[in-house]
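These notebook entries record what I looked up in one structure, entry by entry. The sequence and the model come first.

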Amino acid sequence: MSAGHEQALRDAFYQDPYPRYALARRAEGLTWLPEADAWLVAREADVREVLRRDADFSSANALLPDVPLSEAALGVLPRGFGPRPTVVSTDGTAHHRLRAPLNRGLSSARITALLPYARERARELVDAFAADGSAELVQAYARKLPGLVIGHLIGLEPEDALAAVHGGYRAEELFFRPLTPQEQAAAARDVVALQHLLDGYVRDRRARPREDLCSDLVAALAPGEGELTLEQRHELVANLQNLLIAGFLTTSALISTALLHLLGDRDQWRSLCSDPESIPSAVEECARFDPPIQAFRRITTRSVTLGGTPLPPGAAVLVAYASANRDDLRHAAADRFDIRRPADRRHLGFGHGPHNCPGSRLARAQLHLTLELFSQTLPGLRLDPDRPPPPMLPTLIHRSPRTLHVTW
């Protein structure tokens, strides 16, 4: 099978994985998924078991790229900062060390203090197009607000936050989308620029700490007062880059996917507009029904049996949170999008166990304020009837509409 054919099969699965999930949930044992070269873990009980047992199912391969890097890209990347373990790709003691400052920095108190800034930026973004009668919300809103918010929390200047958003999306393209060697090299240059931008902030916060998450990370991962070593800078840049990209990329996808489903169902959109008290339930249903992070990889550390399937050491599994959220054994009529469900945070839209999303409060808060703002100021919002349904981005870590054209 040619590489192009393999990519086409992978893209088809990524654009709409739910039929395959449904088959896998009904199958005996686990299902081998050639598109991911891994065993698909589709049932809720099995997904929770993997996420609880991090000693048996390691996260070391969680961010394995979907595409190989060309020589052109490999010639550019050494100009930046090399890959280092991050909170996503570590387990045990190493994971706890990297996660602890994030738990503190993304606490309820920090998020509450951040919300006035987030609301101001959201209002400014909407005001910029509210008089136009139409907009493309992915570029005009969903890709901007989360970047500005997580950038502010980290301590980036607004212009640097938007530059970092560009670098983050280029990193996603580089590692998860097929590009020509020349396109890969160009994306790699943008990633290197992002890394040097973050390194500048890291070194500045070492010299002049502030009340921001960048300073917290520097203090936690490189305790002391002396000049940072090169290895400390590598680790800090890798983890700051991971935090930044995770902070805006997935929240952007959550916002745009939520609006896609809500605006695609006029009754539910009208219900939301007429009853603001339903927004918390809507937030949870959007995160359950079609989460932006569909799945993460894990790899077995020893011989285990999962869902009746024996797995040897080194077996790759694809742990599908989105499939677990459609499991009828857990959620009634799980394939139906219904914001009238009672708010239930026990879904797996933000993971579970040691690797549950530390930024879930911030993601929920941004979706909540977005639904509040749009339902109050643009209740006539609807998908543009003159355009076809938007295609989904074919990736499991940022599955969302490419565009979202709306009118009002």
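**Entry 1: a helix and its length.** I began with the rule that the expected span of a helix is 1.5 Å times one less than its number of residues. Helices (H or I, at least four residues) and strands (E, at least two) are DSSP runs, numbered from the N terminus. I noted that this is a predicted model, in which local features need pLDDT of at least 70 and side-chain atom pairs count only at pLDDT 80 or more, while totals for chains, interfaces and linings use all residues. Residues are numbered from 1 along each chain as its sequence is written, and side-chain values use heavy atoms, with hydrogens and water left out.

I then applied the rule to helix α9 (residues 158–176): its 19 residues should span 27 Å, and the end C-alpha atoms are 27 Å apart, so the two values agree.

**Entry 2: the buried side of α9.** The buried residues of α9 include D160, A161, Y169, R170, E172 and F176. Against which helices do the buried residues of α9 pack? I found α4 (71–76), α8 (145–154), α10 (181–207) and α12 (230–263), where contact means heavy atoms within 4.5 Å.

**Entry 3: salt bridges.** I took a salt bridge to be a side-chain nitrogen of Lys or Arg within 4 Å of a carboxyl oxygen of Asp or Glu. A search of the whole structure gave me 34 of them.

I looked up R302 and D56, whose side chains meet in a salt bridge at 2.8 Å, N to O. This pair links distant parts of the chain, 246 residues apart. R302 lies in the loop between β5 (295–300) and β6 (304–306), and D56 in the loop between α3 (44–52) and β3 (57–58).

Next I recorded the salt bridge of R205 with D204, with the closest N and O atoms 2.7 Å apart. Both R205 and D204 are buried.

D267 and R270 form a further salt bridge, with 3.4 Å between the closest N and O atoms. The two residues lie in helix α13 (residues 266–274), 3 residues apart, which is about one turn of the helix. D267 is exposed, at 52% relative accessible area, and R270 is partly exposed, at 46%.

**Entry 4: strands.** Strands of a sheet pair through backbone hydrogen bonds, either parallel or antiparallel. I counted two strands as paired if DSSP finds at least two bridges between them.

Strand β1 (residues 31–33) pairs with strand β2 (residues 38–41) in the antiparallel sense over 3 bridges, and L33 has A38 of β2 as its bridge partner. The two strands form a hairpin with 4 residues between them, and D37 in the turn has a positive phi of about 50°. β2 is also joined by 3 bridges to strand β8 (residues 316–320), running parallel. There, W39 has V317 of β8 as its bridge partner.

Finally, I looked up an open sheet of 3 strands in the order β4-β10-β9, with antiparallel pairing. Its edge strands are β4 (134–136) and β9 (382–383), each pairing on one side only. I found 3 bridges between β4 and strand β10 (residues 405–407), and E136 has H405 of β10 as its bridge partner.

Notes:
Buried < 20%, exposed > 50% of the residue type's maximum accessible area, 1.4 Å probe, protein only.
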